Amino acid sequence: MHHALTTWFTEHVGEPYGFQRAAWEAHAAGESGLIHVPTGAGKTYAAYLPALSEAIEGKSRGLRVLYISPLRAMSRDLAAALTAPVEDLDLDVDVETRTGDTSSSVRRRQRKSLPNVLVTTPESLSLLMSYANAERLLGGVKTVIVDEWHELVHTKRGTQVELGLARLRRWAPELKTWALTATLSNVDEAAEAAAGRGSAPTIIRADLERPIHVETAIPEHIDAFPWHGNLGLKMLPAVLDTIERGRSTLVFTNTRSQAEQWFHAILEAHPELAGAIGLHHGSIDRKQRAFVEQGLKSGEFEVVVATSSLDLGVDFSPVDRVVQIGSVKGIARLIQRAGRSGHRPGAACRVLCVPTNALQLFEFAAARRAVHAGELEPRRSMQKPLDVLAQHLVTCALGGGFEADALFDEVRESVAYAELTRAEFDAALALVEHGGETLKNYDFFQRVDHVDGRYVVESQRVARHHRSSIGTITSDPSVQLRYTNNKRLGTVEESFISRVKKGDRFVFAGRVLELVHFRDLKAYVRRVDGSPTRVPRWMGGRLPISTSLASALRHTLEQVRDDRLDTPELVAARPLIDAQRELSALPGAGTLLVERMESREGHHLFLYPFEGRLVHEGLAALFALRLGRVERGTYTLSANEYGVELLSPEPIPFERAVEAGLFDTANLLDDVRESINVGELAKRQFRSVARVAGLVFDGYPGSRKTNRQLQASAGLLYDVFDRYDPDNLLLDQSRKEVLELHFEQTRLADTLRRLADAELQVVDVPRPTPLGFPLLVERTAAQLSTESLRERIERMKRKWMQVD
């Protein structure tokens, strides 16, 4: 590596770690690979400095280093970090960013000539590849660095990156690719996904000690009958105490609505924090987010309440404490969030986990054990999503055109499409060329032209539509929030604002707002005093606990059953444990606890697999179907992270169903499709697939179509395919995505195999147990307002606390 850079690193950062030297040597040897070291250890310079050295020594203009980041928010910090050695050493190297936040004038200039070092996102890279001069712009790149690879590799955005890297390798055969991550278990697979199928990537690890201190806020009173959210803001004093003891605290929530609630509560309890507390989530206006990030980095903000928008990459050195509100969801997620504190090599991470219901005490104890044992979740490439491939085909046709045979071979160099057949490739090609057999008579679907053996795009309309829609992120269409003076506040999802009436008050960005009027996908509001009547809801609250956390939770419950209460959480949960043992039994790792109960509502069957909400929703529907085959009946279903409830007016034939194959995996796919409304769910999922594939155009920026318009267009296409082309690959993909996204089908099958081998523990209970009570609340909550629900729960609890 260039001597000046080595000297700069030693003077400004410190003596290089062994893993950094190893990465520099691997790069010098022309190797590609993955750097897997703890958060804050110095991965960025391990990958970047040798790439920068190569750019200096090359002494040529044009792109040499491409740095891909999953979040636009990270790009600003990354660009500053990458620019530091350039400015300090007065190097003749230019560093720029290109994201959705980049000004139009800079983007126009970059279309003609790129800087030596470019920080960008997967979407912006694809956009660059859609220009006719893409090979000239990008073909000189020497190194690609993909940051936070664990956040991308298992998603369609990761697939998009894999396809982009395969194309870059065709243009630049000597390209070196380095992926960076801190929280992956399957590092070899992830490294190959970044470096390309069949490559021999180098894995760089670091034996660095970075302690993670996981603590739990223990409630003063443990309710033996917990329910989802029953603690909630009762834990506010514990959070305030942590804030007061720290210099700078980052409070993480799992949803945006929860972030709004906690920000409002903290500020209400300590109004003197005004000006020193910030709120950060993806719907808040970009300028406000940047202001909060800067305040956190500079130490001006004592508290920031955030969602996953601050999970990644951004270096907030002043932060010394992290608070996690509610379920940690996954081990890697907890480590990532804890790593936001003490974000420097060797510094300890500190995270306080705050339960929103008492059952999460078991989850927190399990998470701490798993963190110390190093049990992380694997992240694997998606398997040949045809909608992403279709989008990529149009991108390549715009970006200079392609020959089918060559592009087929190129695409198969990615791990995601290693098993792609020629028939599947040709189907995707037909889709973008003329819409396939079903749609070939409609001009709108004729996007790619076959001219002199090459596939190109000749229509300017197609070019505009495609470039404005590039990307794989799909969500409920958003609505702009503006003050009546037209000042922009941010966005909320259309599905929320469509239920808000004029005069309703809601919290957004920490402010209480009143809706004045709503038109043209813009909601105009004014700031008011008083309490909100609504809290905005965003998608994302259904994230289940991970496989690793579920396994750790079952291990902890086995420990509880053996009466080994050796953590503060388990000691605190003693009232709940005693009530569960007295009324029923305690579940274990190798058993399946089943509870039966009769009430005025009917006959209840509770099962506790401890596999997460999505798997349990699938299991509940599957069990209802299979029970119905044994004896006809009507079932009402409920599911949460820990178990399922089936309610029937008649006795439930559980034992006979077990003998008939209740837990069998034979014919599982057919049974799941029969047990749930896959057709309707797939129809809604098809909207996302069709949008990514380019069959549905969601409008230009600033004039996006509404949710209803998009669903109508996609629904019409779905019905046409379903009737005239039932084997259409996009339909099949929609059905598969429904089963994975909504019910985690692969995990569901593994769960059934585990349950089939488990020892059944069937207990008849006189009333709901601590494990069963939250399932009753879950079902009741769908029918009542929040106030009515609380009154109903209190009546139920008073009844159950009475002596039989």
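The model is a predicted one. The protein is divided into five parts, from domain 1 (3-205) to domain 5 (584-676 + 744-802). This briefing covers the sheet, the cores and a few single residues.

**Domains**

- Domain 1 spans 3-205, domain 2 spans 212-373 and domain 3 spans 383-475.
- Domain 4 covers 478-527, while domain 5 is made of two segments, 584-676 and 744-802.
- The centres of domain 1 and domain 2, taken over C-alpha atoms, are 30 Å apart.

**The seven-stranded sheet**

- Seven strands form an open sheet with parallel pairing, in the order S3-S4-S2-S5-S6-S1-S7.
- Strand S3 (95-98) and strand S7 (202-205) are the edge strands; each has a single partner, so one side of each has no neighbour in the sheet.
- From one strand to the next, the twist averages 20°.
- Strand S2 (residues 65-68) runs parallel to strand S4 (residues 117-120), and four bridges join them.
- Within this part of the sheet, Tyr67 stands opposite Val119 in S4.
- S1 and S7 also pair in the parallel sense, over four bridges.
- Leu34 has Ile203 of S7 opposite.
- Side chains in a regular strand alternate between the two faces of the sheet.
- In S7, Thr202 and Ile204 make up the covered face, whereas Ile203 and Arg205 make up the uncovered one.

**Another helix across the sheet**

- Helix H9 (residues 156-171) lies across S2, S5 and S6.
- The direction of H9 is at about 170° to S5.

**Nonpolar cores**

- In soluble globular proteins, nonpolar side chains tend to be buried together.
- The largest nonpolar core here has 60 residues.
- Those with the most contacts inside this core are Leu250, Val304, Leu310, Ile331, Leu334, Phe362 and Leu553.
- Helix H15 (residues 360-373) supplies the largest share of this core, eight residues.
- This core lies between domain 2 (212-373) and domain 5 (584-676 + 744-802), because both give residues to it.
- Beyond its neighbours within four places in sequence, Leu553 is in contact with Phe362, Glu363, Ala366, Ile545, Phe610 and Tyr642.
- Another core, of 46 residues, lies apart from the largest one; among its residues are Leu393, Val457, Tyr718 and Leu730.

**A buried threonine**

- Thr769 sits in the loop between strand S25 (759-764) and helix H32 (773-781).
- Its relative accessible area is 0%, so Thr769 is buried.
- The side chain of Thr769 makes a polar contact with the side chain of Glu595, at 2.9 Å.

- Lys329 is not a glycine, yet it has a positive phi of about 70°.
- Lys329 belongs to the loop between strand S12 (321-325) and helix H14 (331-338).
- Lys329 counts as buried because its relative accessibility is 11%, which is under 20%.
- Asn486 is not a glycine either, and has a positive phi of about 80°.
- The loop that holds Asn486 runs between strand S16 (478-483) and strand S17 (488-493).
- Asn486 has 42% relative accessibility, so it counts as partly exposed.

Note on methods:
Residues numbered from 1 in each chain as written. Heavy atoms only, no water. Domains from an automatic or database assignment. Pairing = 2+ DSSP bridges. Helix = DSSP H or I, 4+ residues; strand = E, 2+ residues; numbered from the N terminus. Axes fitted to C-alpha atoms, helices over the stretch in contact; angles between N-to-C directions. Contact = heavy atoms within 4.5 Å. Core = buried A, V, L, I, M, F, W, Y, C linked by side-chain atoms within 4.5 Å. Buried < 20%, exposed > 50% of the residue type's maximum accessible area, 1.4 Å probe, protein only. Polar contact = N/O pair within 3.5 Å; in protein donor to acceptor, adjacent residues only side chain to side chain.
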